[in-house]
Amino acid sequence: KKKVMDKPTSEFSVELERLCLKDGSVEQAKHAVRVLCSMAQSSSSDSPASVSSSPSSLKKLDEPTAVETLDRLMAAFASPKQLKVDNKRLLVVLLGIREVTKTFSHLFEPYASQVRKFVLGELIFKENDELVKTKATKKKTTISEDCSRFCAALKVLSYDQSPLVKISSEIDGDSDDEAEEEVKNGTVVDLLFNILDGEVPGGKGRFTATEIIQIRRVASCSILRLATHFELSPAQWHNLGWTMQDSEDRVRVKFMRTVADLVKMVKLPLRFVAYLVLATSESDA
């Protein structure tokens, strides 16, 4: 009886893997990874956090096919074949890495350095001429592929366990822009705070005002996620808190909701509740 039940489950995993690596849309691939993560945990009494921090606990799961598929997926996502700027499915790859890492962080660890080098060196600190030309023909309210990839890259970094790694140790080449060169000499956390302040690599020549707002939204929430496993300095704590009073409501409201959600899930220290006091005048508070 068990063999009969295992067969369709295995085939289902293969179909989900196909959606991620071959012909699924961004949304289909993202949901496929989420389903695989749920399958891998479904028969376990462990919480997602304990599973992700303890690789040995995966052996207790009754659904090995899902775990094996996730392992293969991460290896494929992080391969040189997939991590290329000219890969038309790169956005799927980046969001797939983020989804797996959210639940099974140890699967990301063997590939963390190469993924970090790619997103920093090829997506954040370098423009792709073809994408920029494509973007220029679109309306200002449209989010370009370049912007979507940039945001996905920040989301990947927000689940990296090494936020204090020096960017200059991860990427090659010097910049003619002194401000950008200074950012490269800092850490991923410094980069995110600079972006939150509106100092986006490439600046207005690369992104529209609408896109910069979207990037700042992602940066603020990425800092929050990183703050779940490393301490902010007093200056960083205050700077981040003032996002509750940001002049752009799309940044402000998204940040407020993320703080509230993470505190409720006990993923942020309770002191972050103090941030919510700054949002008492919000209609959405």
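By contact I shall mean heavy atoms within 4.5 Å of each other. With that in hand, let me turn to our structure, which is a predicted model.

I begin with Leu240. Setting aside its neighbours within four places in sequence, Leu240 is in contact with Phe193, Leu196, Ser220, Ile223, Leu224, Leu232, Phe255, Phe272 and Tyr275. The largest nonpolar core has 80 residues, and of these Leu240 and Phe272 touch the most other members.

Phe272 leads us to the aromatic residues. The structure holds five aromatic pairs. In one of them, the ring centres of Trp237 and Phe272 are 5.0 Å apart with the planes at 70°, so this pair is edge-to-face. Trp237 belongs to helix α14, residues 234–241, whereas Phe272 sits in the loop between α15 and α16; the pair therefore ties together parts that are 35 residues apart in sequence. Both Trp237 and Phe272 are buried.

Phe272 also pairs with Tyr275, again edge-to-face, at 5.3 Å centre to centre and with 85° between the planes. These two residues, Phe272 and Tyr275, are both buried. Together with Trp237 and Phe255, they form one aromatic cluster.

I close with helix α9, residues 145–157. Its 13 residues reach 18 Å from the first C-alpha to the last, close to the 18 Å expected at 1.5 Å a residue. How much of α9 is buried? The count is 10 of its 13 residues, so the helix is largely enclosed by the rest of the structure. Among the buried residues are Asp146 and Arg149, as well as Phe150, Leu154 and Val156.

Notes: Residues are numbered from 1 along each chain as its sequence is written. This is a predicted model: local features need pLDDT of at least 70, side-chain atom pairs count only at pLDDT 80 or more; totals for chains, interfaces and linings use all residues. Side-chain values use heavy atoms; hydrogens and water are left out. Helices (H or I, at least four residues) and strands (E, at least two) are DSSP runs, numbered from the N terminus. The expected span of a helix is 1.5 Å times one less than its number of residues. Buried means under 20% relative accessible area, exposed over 50%, partly exposed in between (1.4 Å probe, protein chains only). A nonpolar core is a set of buried Ala, Val, Leu, Ile, Met, Phe, Trp, Tyr and Cys residues joined through side-chain atoms within 4.5 Å. Rings of Phe, Tyr and Trp (its six-membered ring) pair if their centres lie within 6.5 Å; planes under 30 degrees apart count as stacked, over 60 as edge-to-face and the rest as tilted.
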